[in-house]
Structures are given as structure tokens and as C-alpha cells.
Amino acid sequence: MGRRSDHSRDELIALAVSAARAIILEQGVAKVSARAIAGRMGYSPGTLYNLFEGVDEILYRVNIETLQDLGAAALAEQAAQTDPLARLIALGRAYVTYAEEHPQLWLAVFDFRPAAGTVTPVWFEDAVALLFAIITESLAPFFGEDEERLREASARVLWSGVHGISLLNVTGRLGQPEGMTAADMATLLIRTFVHGLETERDRSAD
């Protein structure tokens with residue numbers, strides 16, 4: 001059993017986040033508790049309350065790492081494309097693929113329910129905003145400079161669709177058409193969405 005003096009404060013924080021992440025991977029976010037985290041670390045639960053405001057803070061730290069990994073994966077896929085539609089499709093496919101390859105961590109971001117009254121850390125809100133900024137910026141070529149509000153709304157709508165495909169896929173309820181993967185379905189959704197935008201713009205111009 002480790003003693004409190006075995007690690008520095010920063011090391012203990014990293015150990016706690018790593019332990020929570022391991023529990024999520026093995027059992028899901030519902031099984032994360034102060035006792036489970038501390039037991040995996042080899043410390044008492046009291047140690048955690050000297051480091052964090054509560055288990056929610058630990059989960060926010062795990063989830064921000066997941067969001068950062070997701071964002072990096074999406075940008076890496078997008079970097080290989082130059083065509084605006086291809087870049088948008090790469091983003092969507094990367095999102096679906098990440099969820100498929102890391103289902104427990106991805107689900108933990110959305111299944112996590114903080115205690116009533118818990119204030120979401122600013123640094124976590126910033127990470128979420130950054131992901132939406134990537135989507136919004138990827139849609140820029142399809143909108144005029146005076147359509148920023150519509151572009152932001154469209155980013156939310158499009159993400160909701162891709163997220164829905166990811167969620168149904170990860171939970172085994174998607175029911176793909178024969179020969180199509182979840183990423184293929186996301187591609188079809190994005191192509192159709194962009195085609196609809198372009199068609200609507202052509203009608204407005206007439």
C-alpha cells in the first residue's frame with residue numbers, strides 16, 4: 001500500500017486521473033468512485049479530497065483528455081485534405097471512428113452527470129468550445145461572411161447528426177444499410193447536408 005509521502009502532489013493528481021481512466025475503460029463511468037480510484041492507486045479515499053474538490057473534478061480531467069485526443073485525431077485526418085467538402089467529411093469520419101475505437105472513454109464524456117450544483121470548470125468549457133470551433137471553421141467555405149449565426153447553428157445541427165450516428169453505433173443500435181459502415185453513413189449525411197446548403201443558396205440567388 002502506498003503512503004502519501006510516496007508521490008508529489010502533481011504525481012498523485014496524475015495517478016488519480018489515470019486510475020479513473022482505467023476504471024472507465026474496464027467498467028464504464030458509472031463504476032468510478034472515490035473508493036475505486038483510491039484503491040487502484042493504493043491510497044485512502046481521503047487522499048483524493050486533499051487533491052480535488054470531489055470525484056467530479058477527476059472525471060472532468062479524464063474527459064478533457066478524451067476531448068483533446070478526439071480533437072487531435074480529427075485535425076490530423078483533416079490535414080490530409082484540401083477540398084472543403086473533403087475536409088468536412090474527414091472531420092465527421094474521424095469523430096465516428098474515434099467513438100468506435102474508444103467507446104467507453106467517448107461515452108464517459110456524455111454519460112457523466114456531475115452532482116447538482118457543480119460548476120463546470122472553465123477549462124473544460126473551453127475544450128468543448130474548441131471542438132465546436134473546428135466544426136464551425138470547417139463550414140466557413142459554404143457560408144457568406146454575413147452568415148455567421150447560420151453557420152454556427154448549422155455546425156450544431158451537423159454535429160448532432162454525426163453524434164447520433166456515433167451513439168447508435170457505439171451502443172449497437174445503428175442498423176447500417178448493407179455494405180455501409182458508420183463512417184460511411186456520416187459521410188452520406190455530410191454530403192447531403194452540404195448539398196442542401198448549396199441548393200438553398202442557388203434558390204435564393206434566383
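Helix 4 and helix 5 are oblique to each other, because their angle is neither under 35 degrees (roughly parallel), nor over 145 (roughly antiparallel), nor 65 to 115 (roughly perpendicular). Before I go on, this is a predicted model, where local features need pLDDT of at least 70, side-chain atom pairs count only at pLDDT 80 or more, and totals for chains, interfaces and linings use all residues. Residues are numbered from 1 along each chain as its sequence is written, and side-chain values use heavy atoms, leaving out hydrogens and water.

OK, the overall picture. The chain has 9 helices and 0 strands; those are DSSP runs numbered from the N terminus, with helices being H or I of at least four residues and strands E of at least two. The C-alpha trace spans about 75 × 40 × 35 Å along its principal axes.

The axes of helix 4 and helix 5 come within 8 Å and cross at roughly 140°, where axes are lines fitted to C-alpha atoms, for helices over the stretch in contact, and angles run from 0 to 180 degrees between N-to-C directions. Helix 4 passes helix 5 in a right-handed crossing, so called if the near helix is turned clockwise from the far one by less than a right angle, with anticlockwise being left-handed. Who touches whom? On helix 4, the contact (heavy atoms within 4.5 Å) includes Leu70, Ala73 and Ala74, and on helix 5 it includes Leu91, Ala94 and Tyr95.

Now helix 7. Its axis and that of helix 4 come within 9 Å and cross at roughly 20°, which means helix 4 is roughly parallel to helix 7. Here the crossing is left-handed. Among the residues in contact are Ile64, Leu67 and Leu70 of helix 4, with Ala127, Val128 and Leu131 of helix 7. By class, this contact has 11 nonpolar, 4 polar and 1 charged residues. For the classes, Ala, Val, Leu, Ile, Met, Phe, Trp, Tyr, Cys and Pro count as nonpolar, Asp, Glu, Lys and Arg as charged, and the others, Gly among them, as polar.

One more partner: helix 1, residues 9-27. The axes of helix 1 and helix 4 come within 9 Å and cross at roughly 75°, so helix 1 is roughly perpendicular to helix 4. That contact includes Ile13 and Val17 from helix 1, plus Leu59 and Val62 from helix 4, and its residues divide into 8 nonpolar, 1 polar and 4 charged.

On to the pockets. On a 1 Å grid over the protein atoms alone, a cavity is a set of points where a 1.4 Å probe fits but cannot get out, while a pocket is an open set with protein on both sides within 12 Å along at least five of seven lines; lining residues have an atom within 4 Å of a point. How big is the largest pocket? Its volume, the space filled by probe spheres set on the points, is about 420 Å³. Of its 21 lining residues, the closest to the centre are Tyr95, Leu131, Phe132, Ile135 and Trp159. Helix 7 gives the most to this lining, with 6 residues. By class, the lining has 18 nonpolar, 2 polar and 1 charged residues.

The second largest pocket holds about 160 Å³. Glu53, Tyr60 and Trp123 are among its lining residues, and helix 4 gives the largest share, 4 residues.
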